[in-house]
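Subject: Structure for your review

Dear colleague,

Please find the structure below, together with its sequence.

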Amino acid sequence: MMRGSEFSNLSTEDILLPVRPLYVALTLVAALLLNLMQFTGWMLVLRPDFVALTLLYWGIHQPRKVGFLPAFLLGLAVDVAEGSLFGQHALAYSVMMFSAIALHRRVAMFGVRHQMLHVLAILLLMQVIVLAVRTAAGGEYPGWWYFVPSVIAALLWPVTRFLFRILLRSRRDPDEV
Amino acid sequence: MQYTPPPFFKRGPSLLARLSFFALLSLILLYADARFHYMEGMRKAIGVVLYPLQRIVDVPGEVASQIGSFFVSQSYLQRENEHLARENFLNAGLLQTQQELIAENRHLRELLDMKARAGPTSVAAEIIYFGRDPFSRKVIVDKGSSHKVEEGAAVIDDTGLIGQVSRAFPWTAEIALITDREQVVPVQVVKNGLRATVFGTGYDGALDLRFMPVNADIEIGDVLVTSGIDGVFPAGLPVAVVSNIERNAAYPFARITCTPAAGVNRHRQVLVLSRLAPLPEYPPAAQHKKAKPRKSRRDG
């Protein structure tokens, strides 16, 4: 079932299969698992927010299928898993989703390198919201390294794009059908 | 092939409307959680849903450590065995004298008609993962309220206090480490019994001993243990060792930095102690004099 809304995919060379909701759900659960992984030492500072990155990917590429609700619910799940204030990530992910959907046509026009810059800006905005909420609730600015995960996540953007597209490439020759 | 009409005909509420709805909802949740702690029930429900995921994530690490322990070299085991045997021998000697002391102590307490000190029971737990929230120092362990882990209970490792249970979910529990910025531990200097409070700094390996006068009798290397007067932490658990003292006569208090006695960030196995029996009520005459509720009692 092809839908008229998927012209954004045509900007790349290959034509992708339509995305099933189950596939989206699976990638989001996998991202949550990666977020829950145990890291120690300097990896704690470096580890990117996989859930945010995955949500951002779907927000940019499938803005009609992945909207605010999954972002909001996953934000709540992340808040519980981290033991942070209830709702801070829900708020941050909602705003992130808004920017992703609002910018999705623009981002799709750029090459990978410029897309990474857009992703970096959106992720930094997301982190600034979390920071604002926590400082308002009495927290203290943890230091410049607080923003390192967003840079790492932006560097992972090409990898994410590649991984999510592997399963969506049509393997058959369309003329055979 | 099915064809749906172009998207500009049916789009639902506008993007900005949807954003405002979800942002408002999260702000309400945030306010309710930060000010009134209303969200604990919902947190528990989500915690139960997350539990299987947390276990799945733990599997690769467990398998790896099992494979690793299978290939441990014999010389390492021998060395460890020798070390443990020596330690066991030393401990046995200490234990014998301690048995005698315990009996004597009980006897003396009976003579003096004092309340018996109840030792806390403990639950062994394993850390599943470190919280990624950069604003707090928290770990999640694999035992929860179904294993009799209570909120507010002390958590120790083999060398001392590492934290306090801040939230108990049915099968997991969240532990605020003593290095967390909001964590306060009432302590006592072993050398002279001076009472003080230790505050977390938010950084690994550093604690603040606050509100000690500049002329306080305290030196680098002094050991701090829990005083037990708060009714939360059992008395006598090692907390920290004083590592640095700055005495500046311009300020009323000395700046004292300590290093935690326990491996706050090193071990995977921890021991969750049970809550102590509640302290007796304040005497009624002292009640109206109480100026402010103490901030350190986070469990109310």
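Two strands are taken to pair if DSSP finds at least two bridges between them. Please note that the model is a predicted one.

On that basis, six strands of chain B close into a barrel, in the order E1-E2-E5-E4-E3-E12, and their pairing is antiparallel. On average, neighbouring strands of this sheet are turned by 45 degrees against each other, direction ignored.

The nonpolar residues deserve a separate paragraph. In soluble globular proteins, nonpolar side chains tend to be buried together. The largest nonpolar core in this model has 98 residues, and A:Tyr93, A:Met96 and B:Val239 are those with the most contacts inside it. Helix H5 (residues 88–109) of chain A provides the largest share of this core, 11 residues. Domain 1 (15–70) and domain 2 (122–277) of chain B both give residues to the core, so it lies between them. As for B:Val239, its contacts beyond the neighbours within four places in sequence include B:Gly160, B:Leu161, B:Ile178, B:Val185 and B:Ala261.

Strand E10 (residues 238–246) of chain B contains B:Ser243. Leaving aside neighbours within four places in sequence, B:Ser243 is in contact with B:Ile220, B:Thr257, B:Cys258 and B:Thr259. B:Asp133 is 110 residues away from B:Ser243 along the chain, and the C-alpha atoms of the two are separated by 27 Å.

Finally, the two chains touch: 40 residues of chain B are in contact with 42 residues of chain A. On the side of chain B that touches chain A, helix H1 (15–36), helix H2 (40–70) and strand E1 (122–130) each supply at least two residues. H1(B) gives the largest share of that side, 11 residues. By type, the residues on this side of chain B divide into 22 nonpolar, nine polar and nine charged.

Yours sincerely

Notes. Residues are numbered from 1 along each chain as its sequence is written. Chains are lettered from A and ligands numbered from 1 in the order in which they are written. This is a predicted model: local features need pLDDT of at least 70, side-chain atom pairs count only at pLDDT 80 or more; totals for chains, interfaces and linings use all residues. A nonpolar core is a set of buried Ala, Val, Leu, Ile, Met, Phe, Trp, Tyr and Cys residues joined through C-beta atoms within 7 Å. A residue is buried if 20 or more other C-beta atoms lie within 10 Å of its own, exposed if 12 or fewer, and partly exposed in between; C-beta atoms are placed from the backbone. Helices (H or I, at least four residues) and strands (E, at least two) are DSSP runs, numbered from the N terminus. Domain bounds come from an automatic or database domain assignment. Two residues are in contact if their C-beta atoms, placed from the backbone, lie within 7 Å. Ala, Val, Leu, Ile, Met, Phe, Trp, Tyr, Cys and Pro count as nonpolar, Asp, Glu, Lys and Arg as charged, and the others, Gly among them, as polar. Axes are lines fitted to C-alpha atoms, for helices over the stretch in contact, and angles run from 0 to 180 degrees between N-to-C directions.
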